[in-house]
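Take a look at the model before reading on.

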Amino acid sequence: MLQRINFTYALQLQQQALAQIRRAHTGRLKGTKDRQHFINHIRIFVRVAEAGSFSEAARRLQLPKSQVSRQVRLLEEALGARLFERTTRQVRLTESGQVYFQRCRVGLNDLEEANIRISGMQQELRGLIRVTAPVDVGPHVITGLITEFLVEHPQLEVELKQAA
């Protein structure tokens, strides 16, 4: 069964996710473009931490490894903290990186979920459909079809009129 969620709740989820990401950041974000870049830096950082490797994260994100590395470096500079211990053989989260990763992962997951739910809501059918059917067809045939249709599209209302 599909879980229903209203538009307001989805927006609240998105706002909460952004607030968690902002709280995890110690600096100030100037404009919309800065926030978008910053969220992208965080997204890349989370993917590197999940993958345990810059190369694997780059492959999953379909980005050049140099770009992934650069985005994480810019994030570390903005935060004023090292998030990863890098050696030639491995990448490990620092203590600060672990704390930041946990907070950001939750915020990004909430943000992605809110975006998916809002997108799905925009594609739902809503409103009122008026159907007029002959008396001999309406009650027997149309009613069953309308009931099935409404189960698939619960945001719709159907007004059935019988023609004389």
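## Model and confidence

This is a predicted model, in which local features need pLDDT of at least 70, side-chain atom pairs count only at pLDDT 80 or more, and totals for chains, interfaces and linings use all residues. Residues are numbered from 1 along each chain as its sequence is written, and side-chain values use heavy atoms, with hydrogens and water left out.

pLDDT is the predictor's confidence in each residue, on a scale from 0 to 100. The chain averages 77. At least 70 is reached by 74% of the residues. Over residues 1–6 the pLDDT is below 50. Beyond near neighbours in sequence, that stretch has 9 contacts in the model. A contact means heavy atoms within 4.5 Å.

Helices (H or I, at least four residues) and strands (E, at least two) are DSSP runs, numbered from the N terminus. Glutamine 71 sits in helix H4, which spans residues 65–79. Its relative accessibility is 9%, so glutamine 71 counts as buried. Buried means under 20% relative accessible area, exposed means over 50%, and partly exposed lies in between (1.4 Å probe, protein chains only). Not counting residues up to four places away in sequence, glutamine 71 touches Asn40, His41 and Ile44.

Leucine 83 lies in the loop between H4 and strand E1 (84–86). Leucine 83 counts as buried because its relative accessibility is 2%. Leaving aside neighbours within four places in sequence, its contacts include Phe45, Leu75, Arg92 and Tyr100. Leucine 83 and valine 99 are 16 residues apart in sequence. Their C-alpha atoms are 9.3 Å apart in space.

## Aromatic rings

A search of the whole structure finds 4 aromatic pairs. Rings of Phe, Tyr and Trp (its six-membered ring) pair if their centres lie within 6.5 Å; planes under 30 degrees apart count as stacked, over 60 as edge-to-face and the rest as tilted. One of the pairs joins phenylalanine 45 and phenylalanine 101. It is edge-to-face, at 6.4 Å centre to centre, with 80 degrees between the planes.

This pair links distant parts of the chain, 56 residues apart. Phenylalanine 45 is in helix H2 (residues 32–51), and phenylalanine 101 is in helix H5 (residues 95–123). Both phenylalanine 45 and phenylalanine 101 are buried. Phe45 and Phe101 also belong to one aromatic cluster with Phe54, Phe84 and Tyr100.

## Salt bridges

The structure holds 7 salt bridges. A salt bridge is a side-chain nitrogen of Lys or Arg within 4 Å of a carboxyl oxygen of Asp or Glu. In helix H4, arginine 73 and glutamate 77 meet in one, at 3.0 Å from N to O. They are 4 residues apart, about one helical turn. Arginine 73 has a relative accessible area of 39%, so it is partly exposed.

Arginine 47 and glutamate 50 both lie in helix H2, 3 residues apart, or about one turn. Their closest N and O atoms are 3.2 Å apart. Glutamate 50 is partly exposed, at 37% relative accessibility. Between glutamate 112 and arginine 47, the closest N and O atoms are 2.9 Å apart. Glutamate 112 lies in helix H5 and arginine 47 in helix H2, so this bridge ties together parts 65 residues apart in sequence. Glutamate 112 is partly exposed, with a relative accessible area of 30%.
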